[in-house]
Amino acid sequence: MKQFLKFTLAAAFGIVLSFGLLIGLIAIIASGNETNEVKLSKPHILKLKLEGTLQDRVAENPFDVYGDLLGGTPSNIGLNALLANIKKAENDENISGIHLETGMLNAGFASLDELRDALLKFKESGKFITAYSEIYNQKSYYLASVANTICVYPEGAIELKGLNSTVAFYTDALKKIGVEPQVIRHGKFKAAVEPFLLTEMSPENREQVETFMYSIWAQYLANISEIRNVSIERLNTMIDDFEVKTPKDALDLGLIDKLCYKDELNSYLTELMNETDFKNLNFISNKKYKLVQNENARKKYKKDKIAVIFAQGEIQSGKGKETVIGSERISKAIRKARLDEKVKAIVLRVNSPGGSALASDVIWREMSLAKKAKPVVVSMGDVAASGGYYIACDADKIYASPTTITGSIGVFGILMNLEELYTDKLGLTFDQVKTNKFADLGSTTRPLTNEEYTIIQESVVEVYNTFTSKVAKGRNTTQAKVDSIGQGRIWSGVNAKEINLIDEFGGLEKAIEGAALLANLEDYRVLELPELKEPFELLMEELENGFEATVLKRTLGEEYKHYHALNNLKHLKGIQARMPYQFTIE
């Protein structure tokens with residue numbers, strides 16, 4: 001009886017605690033969902049605290065505190081909101097400058113380039129930019145390099161060591177548990193399947209990785225060289241010889257401007273603002289500054305619109321979500337923009353390594369229909385490769401950063417043979433009855449026959465031919481030419497422009513301006529699609545789907561990516577047009 005009461009009370013306490021947590025989170029949503037306009041009447045410093053993951057667009061989710069309660073990572077940051085605030089601050093007489101606090105920022109180089117370009121344009125207004133951090137990684141330093149004054153904590157650190165991309169190979173691990181990946185691919189550079197077939201990079205994969213990584217590194221060095229007035233050759237020597245061991249080394253080498261503790265930084269900012277006491281300084285956060293209206297914001301009352309459709313994440317069939325490109329959700333957004341008479345042009349913002357070839361084709365079809373109705377422009381983010389390029393290729397114009405990863409025009413299929421795992425490891429056996437010869441095609445309980453392999457190989461080649469023909473039509477070239485630069489090969493934006501995969505360098509803002517030019521628009525407003533979910537919907541979605549991932553990320557840390565890669569195998573339905581799973585440049 002005591003045990004029964006004990007468990008009953010424990011269960012009751014758990015219910016009450018969960019209910020209390022839910023009420024608290026709803027209260028957070030209510031308090032965080034501010035819509036009132038904020039007005040500035042005195043000089044302010046726009047404080048941009050950049051720590052966490054930079055994404056193209058982020059739903060305003062006050063439930064982020066939920067992750068913090070579990071010791072989660074910093075919240076995601078929306079690039080679109082940052083760019084809008086920086087542009088608004090240029091002409092805001094109550095913004096004297098921008099102060100960057102860049103911690104361990106996780107971002108792609110193309111996103112960083114867009115942000116750097118916006119900050120450089122802000123500097124042209126004559127206003128200052130300062131930057132401060134205790135620790136700079138390579139990406140946060142790259143961003144901070146635009147500042148008039150870069151300050152670093154004296155006992156902090158600056159990481160400058162060059163780019164690295166490490167690929168995890170699962171071949172031997174899968175073999176140990178009795179799993180045999182059966183891969184059917186087309187294209188000698190299609191490296192997405194190599195982690196399941198090899199134990200090291202193929203010569204073709206190494207060649208393409210070296211090509212685009214050196215291209216990105218050249219852009220990185222060139223931009224820092226220009227703004228810090230240090231030659232590219234000298235920068236490379238510093239890094240190869242590991243001369244930057246301490247912040248003082250960076251100061252002596254001209255890479256930063258000041259070593260200062262936080263109180264010294266405060267004194268410097270006070271002096272910069274012509275004040276006598278730090279308490280008199282006014283700071284405004286990125287989130288709060290979004291609520292400040294100015295004349296630029298009045299564009300929302302314009303009749304004509306340019307629809308900006310955000311497509312970020314892996315491409316899958318179905319609805320998807322903000323960080324997964326669902327063919328149904330994105331197709332619906334493109335269709336809505338096409339049928340809206342007030343929308344005069346469409347910009348598809350793509351940040352995707354690809355995914356399902358079928359889902360990509362569904363989105364391509366809607367892009368093709370939209371192009372017949374009005375100008376369609378693509379803005380590529382950090383990655384727009386394989387399926388990500390598939391959905392972009394038919395646009396009137398394609399913009400990308402020099403550091404964008406694109407191309408990877410190739411397809412593959414993968415089926416897991418679990419016979420050894422089932423039979424030898426788990427003791428399971430199977431028997432069957434089937435009405436036709438290929439009724440069990442795709443079964444995981446046995447290997448493919450030669451005839452079945454041929455059938456799937458023909459399907460893969462057919463999808464590849466469809467892919468390359470659509471790229472050829474969209475880029476006004478021949479299918480043979482596309483094949484010569486395709487076969488799964490990945491390119492940087494610099495290389496992509498040379499081989500006609502993109503048209504111009506530029507970020508989202510330039511793509512919108514290009515769309516306006518094609519549509520002969522001068523006055524317009526931007527409509528962002530798909531519409532973001534309401535905070536309460538996000539709360540329910542997070543409770544339903546996010547808890548497990550949050551706990552696993554916290555538990556596994558950096559190693560979560562390996563779990564994610566293997567777990568994603570269950571989404572490989574049908575033929576795939578996507579980049580390698582573990583592809584990061586650090």
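Helix α4, residues 109-123, has 15 residues and reaches 21 Å from its first C-alpha to its last, close to the 21 Å expected at 1.5 Å a residue. Helices here are DSSP runs of H or I with at least four residues, strands are runs of E with at least two, and both are numbered from the N terminus. The expected span of a helix is 1.5 Å times one less than its number of residues.

The model is predicted: local features need pLDDT of at least 70, side-chain atom pairs count only at pLDDT 80 or more, and totals for chains, interfaces and linings use all residues. Residues are numbered from 1 along each chain as its sequence is written, and side-chain values use heavy atoms, with hydrogens and water left out.

Helix α4 is mostly covered, with 11 of its 15 residues buried (under 20% relative accessible area, with a 1.4 Å probe and protein chains only). Among these buried residues are Phe 109, Leu 112, Asp 113, Leu 115, Arg 116 and Phe 122.

Tyr 141 touches Leu 160, Tyr 220, Ile 224 and Leu 255, among others, not counting residues up to four places away in sequence; contact means heavy atoms within 4.5 Å. Tyr 141 and these four residues also belong to the lining of the second largest cavity, which includes Leu 221, Leu 235 and Ile 239 as well. A cavity is a set of points on a 1 Å grid over the protein atoms alone where a 1.4 Å probe fits but cannot get out, and lining residues have an atom within 4 Å of a point. The second largest cavity holds about 30 Å³ of space. Of its lining, three residues, the largest share, come from α7.

Helix α10, residues 262-272, has buried residues including Leu 265, Tyr 268 and Leu 269. The buried residues of α10 pack against strands β3, β4, β5, β7 and β8. After α10 comes Asn 274, whose phi is positive, near 60°.

Notes: Buried < 20%, exposed > 50% of the residue type's maximum accessible area, 1.4 Å probe, protein only. 1 Å grid on protein atoms, 1.4 Å probe; cavity = no way out; pocket = protein on both sides within 12 Å on 5 of 7 lines; lining within 4 Å. Points joined across faces, edges and corners; volume = space filled by probe spheres on them.
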